[in-house]
Amino acid sequence: MNCANRGGESPAPSSTAAAERLRALAADVVPGHSLPQGYYCDQAVFEADMSRVIGRKWLVAGHVDRIRNPGDYFLYEVGRESLIVVRSDASTVNAFFNVCRHRGSIVCTQAEGRAARFTCGYHAWSYGLDGALLAARQMPADFVRERHGLHRCHVRVFHGLIFVYLGTEEPPDFDATFGDLDPYLDFHGIAGARIAHRESYPTDANWKLVVENFLECYHCVPSHPEFCSMHPPEALVAFGAGPSSGPADAEDAYLPTLRAWEARAAALGRPIGTVDDGADTTHLRLLLQRTLRPGYESETQDGRPAAPLMGKRQAFDQGRMYLSFSPFTQLVADNDFAVLFVFTPRRVDYTDVDLYWLVDGRAGADQVDVARMIWGWDRTTRQDKTITENNQAGVRSQRYTPGPYSSQERRVVTFQEWYLKQLDQGAATVAAAGNTRTGS
Amino acid sequence: MNCANRGGESPAPSSTAAAERLRALAADVVPGHSLPQGYYCDQAVFEADMSRVIGRKWLVAGHVDRIRNPGDYFLYEVGRESLIVVRSDASTVNAFFNVCRHRGSIVCTQAEGRAARFTCGYHAWSYGLDGALLAARQMPADFVRERHGLHRCHVRVFHGLIFVYLGTEEPPDFDATFGDLDPYLDFHGIAGARIAHRESYPTDANWKLVVENFLECYHCVPSHPEFCSMHPPEALVAFGAGPSSGPADAEDAYLPTLRAWEARAAALGRPIGTVDDGADTTHLRLLLQRTLRPGYESETQDGRPAAPLMGKRQAFDQGRMYLSFSPFTQLVADNDFAVLFVFTPRRVDYTDVDLYWLVDGRAGADQVDVARMIWGWDRTTRQDKTITENNQAGVRSQRYTPGPYSSQERRVVTFQEWYLKQLDQGAATVAAAGNTRTGS
Amino acid sequence: MNCANRGGESPAPSSTAAAERLRALAADVVPGHSLPQGYYCDQAVFEADMSRVIGRKWLVAGHVDRIRNPGDYFLYEVGRESLIVVRSDASTVNAFFNVCRHRGSIVCTQAEGRAARFTCGYHAWSYGLDGALLAARQMPADFVRERHGLHRCHVRVFHGLIFVYLGTEEPPDFDATFGDLDPYLDFHGIAGARIAHRESYPTDANWKLVVENFLECYHCVPSHPEFCSMHPPEALVAFGAGPSSGPADAEDAYLPTLRAWEARAAALGRPIGTVDDGADTTHLRLLLQRTLRPGYESETQDGRPAAPLMGKRQAFDQGRMYLSFSPFTQLVADNDFAVLFVFTPRRVDYTDVDLYWLVDGRAGADQVDVARMIWGWDRTTRQDKTITENNQAGVRSQRYTPGPYSSQERRVVTFQEWYLKQLDQGAATVAAAGNTRTGS
């Protein structure tokens, strides 16, 4: 058994020059404006992003529905890394770096599959589903098999979502970070969901442009006719990209409508609440639930549902939830389906954008109208791909000058503050982790 | 409305290392020999070329015939920059950096078209044909719309040719630089010409190899049978690439023939004169008019014209003009058509080569035989593309050693002197401009 | 006449940073383990490999059967270099850098052919088959034609194999280095062989991964079913990749079988002997002759020969020779055909792998069953391409940690010692050569 190839250039050595470059860039940041060019274009920044930010966050690699049975696995690729995410047994999901401990070959070359063990196609070093080295022929007497298991990646399954953490040091406490989201995910039935559709939108742009695009709805009216058709215009301005994404006065104007809906939704059992993490938090989470366009029960072209009710719901309540676990992972949940957005940085100017459409685990194939279900977000994400790639193309100009944000892009400002903090703090973490970084 | 995508890698930061590299390369130059490898292959040199040389010259972006009506525009791409060249009104052509002042997206994604305004496809910031920001929703109270127009590029229309200057500082005085070319362009009717054909010959070579190829006719006999068939052999040796391009003795030998033709041509109204700028000038211009092969009235396969007489001519005079505005822009004018050559550096090893065939503006489509008109220069330029690309392939060798020039390549020697001076002087200009480089 | 295009990026300037990078990498080497990531992935290492190791070895560019007649030539491309390998006359083979001494164009653009002279397609500088400049028009009076011949590459034909040496300094004495291989090559008839088949297996991996793959047979059982089917399993373990490639105890166990076969083979005229160069030698040669699978007369699917006996043989002896001239060139000779393996580094992550199947020069086309002859090594080399590319993909991970070698990979350990020594010693050679590096 084995799994998928990776292209890719050589790693750039971190250096004094890179550190100086980062300091110079930081000095050019103008608060309330888009970031200086280097943050979107420089290889040195991307290397720092990988080691200090991306490698220090809990990232969602996928949903357990991809690996229901022991031995089921899929590859998750981030930066230059390939991870094998595998169900080791009924109750355990593991993630391993897809690198043989012998001479470094990728062990698994297929993107997904089912395996009894992982045998490297080169010299047949063989690893169990728990990553332990099972067999290695002809090794010297002092070879300690136990020290040559696959390098583990921190992993945590939370409501069916598989979180991984790339760093070698102890990650931020998971429950302290995400535990309060429990009732929402529970009500929406995310753990028991099944994947009804999956689609990739590879985007030729830096990951921060992908994230910044998702964290504001200022572009919704010009760019997303389908998306706008499903939402009350005033809600899009006020909360288009979650709490604190829109102008304060628009929020105030929409609040009475929101509160009235919250009361109705709560009466139907929906847990009500908001999360609006600030720039000082580790994961910059967001949670907001709000109304769909009047008359709409789901984000479909005609507003009619495309699947049965999800989770613990008893009735349609005409609302939707937007939950951001971090800038890298978003969940948008209607009553009948949810869309998981996974943004994965790969190279300085390339980001994987993968969407999972989730439906209730009990919903049969004949109960789900996939075409109607994906109509809105498939089109919207294709549009986002185009505008984000045009953004990247433009910031390459020597005459790009960071511009001021509108009041509808408040969340992007917060994201940038958060990002710059992570970059600073990450430097210290990397330095500390460096001391303990010598194999498993 | 919107316009065309650009590929491209991240900009390399200018650095002390780059400056040292340039100094070391300069020390390796051997006068009278081709340049050391680094000038054709190093990214650091290309960055310096962009900021010190290419960005400090009046470049021809095209001919006004592409934009006859208000709102007509086309994109001109140079290095990593994209310019929107637009007819703002009947009497005004503007050029803007194609970068939104909000978050840096390219504003225009189509290569050419007609627009009432330029609306960024991302957040709908909308710019007038004069570059002014017309609309930007939801901006904070202290936002000054007048300060967020598209960045302007210096532009000047001269006899229908649209010149742009990328630098932010005041460019060299246009009239002092090009004014003396007035009578020639006037006689040839370049201002009123129309584009009968346009063709691109993207060339995988450094721009200096493209220019050096054009500035000598030493390669004409081995490489260009069609071209040679249309010219007197002795003229090609003497003046194949303009004044001072051939051996002094060959010039002397051809001079009586040339003088006799000049007298006849002058009698038919043609202004006679020569421009032969030296290495100390800003644009290294060239102008020479000379005879075609005996019996030829135009550069066509059989020597017969392919279009009606251009400009102020009353009769065919069996001559042609070669006019170089700068190493980046050449104009070859026969009696019936003219060819504009635009060489645009894009990457260290890639250059756009675009040819415009111009005919008299009053010539109807049925009066122009496009196939016969392009026969010579289309084939010749395809040949030049091949030999220039082979040149680039060879100079990559570690064993490439700059070789000596022949007496028929005198103009290339002058070009190199000029180029090296520009590189030196440009360093000072860039440093000075740096102080004033903070947006419009 | 002319010959083949090369792609390729700009050369990276050697620098203090590169030297520091190499020192830091050397400090990370753990003996008995695979090399640190940088050796397989860094551009700076590849540049050093080219100038210090690859450029300082006798490399096999091909077999004289490709150029039987005066004027026959082929291009051999290594790193960024292109060499013209040409039969100048009946008794002379030359190799020239494919770079015009005028302005550096590649002279020859076709991969192989026959020429009376080499005329550069740019300005028609014309070179004789001995590299001398024959014609260059319009050159100044002080131009010395004799100083502008094509740059020569050291060349030596040895038993039909064309060895080249890229460096400008005096290469290691050829006869002192390879002379003792004379009787083996003579017996096998390599000089008089003809090429029955040629195939390329371009491999997206660093050249050291290609070499390491070939220098061990630890991967044979998992990866090469066809290969294993033709060999006694105990021989593969003991000597799968030549002397000192397998575990010492396996060698002892197989030795009696080997000695008995050697006696029989010697009686049939085969010269017997072993070469097992250590890490201190210039070329790290290997020579071992051993048995095929019982009943097999050749490395074919059914063990029956695919061609007539080669060289001075009178009868099949059921043995085969493995001869490594250097890590870059291998020769595997059965009784009826031989396979020449040429590994040529091109870029840090790309290596040309070219195989030549040689048969006796007297064997007619109807006496050679090409399909049966190539069955084993064609499949095996395709497999090697895949596993080597997977190896490269894996070592790009930040979590790649050099792993320990098995007892069946002893020769890889020796190779690495040798390589690291060459890298160190090459630095001195390059520095010394630098003083004399000014033209031909």
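**Salt bridges in the predicted model**

Over all chains of the structure, a search finds 88 salt bridges. The model examined here is predicted, and a few of these contacts are described below with the positions and accessibility of the residues that form them.

In chain B, a salt bridge joins B:Arg396 to B:Asp349, with 3.7 Å between the closest N and O atoms. B:Arg396 is located in the loop between α11 (370-395) and α12 (410-434) of chain B, while B:Asp349 belongs to the loop between β16 (337-347) and β17 (350-359), so that the pair ties together parts that are 47 residues apart in sequence. The two partners fall into separate accessibility classes, since B:Arg396 counts as buried at 8% relative accessibility, whereas B:Asp349, at 24%, counts as partly exposed. Chain B also holds a network of salt bridges, in which B:Asp302, B:Arg304, B:Asp369 and B:Arg372 are linked.

In chain C, the closest N and O atoms of the salt bridge between C:Asp175 and C:Arg156 are 2.8 Å apart. This pair links distant parts of the chain, 19 residues apart, with C:Asp175 in helix α4 (residues 174-178) and C:Arg156 in strand β9 (residues 152-158). C:Asp175 is partly exposed, having a relative accessible area of 42%, and C:Arg156 likewise counts as partly exposed, at 27% relative accessibility.

A further salt bridge in chain C is formed by C:Arg285 and C:Asp277, whose closest N and O atoms lie 2.9 Å apart. In this pair C:Arg285 is buried, with a relative accessible area of 8%, and C:Asp277 is buried as well, with a relative accessible area of 12%.

Conventions. Residues numbered from 1 in each chain as written. Chains lettered and ligands numbered in written order. Predicted model: local features only at pLDDT ≥ 70, side-chain atom pairs only at ≥ 80, totals over all residues. Heavy atoms only, no water. Salt bridge = Lys/Arg side-chain N within 4 Å of Asp/Glu carboxyl O. Helix = DSSP H or I, 4+ residues; strand = E, 2+ residues; numbered from the N terminus. Buried < 20%, exposed > 50% of the residue type's maximum accessible area, 1.4 Å probe, protein only.
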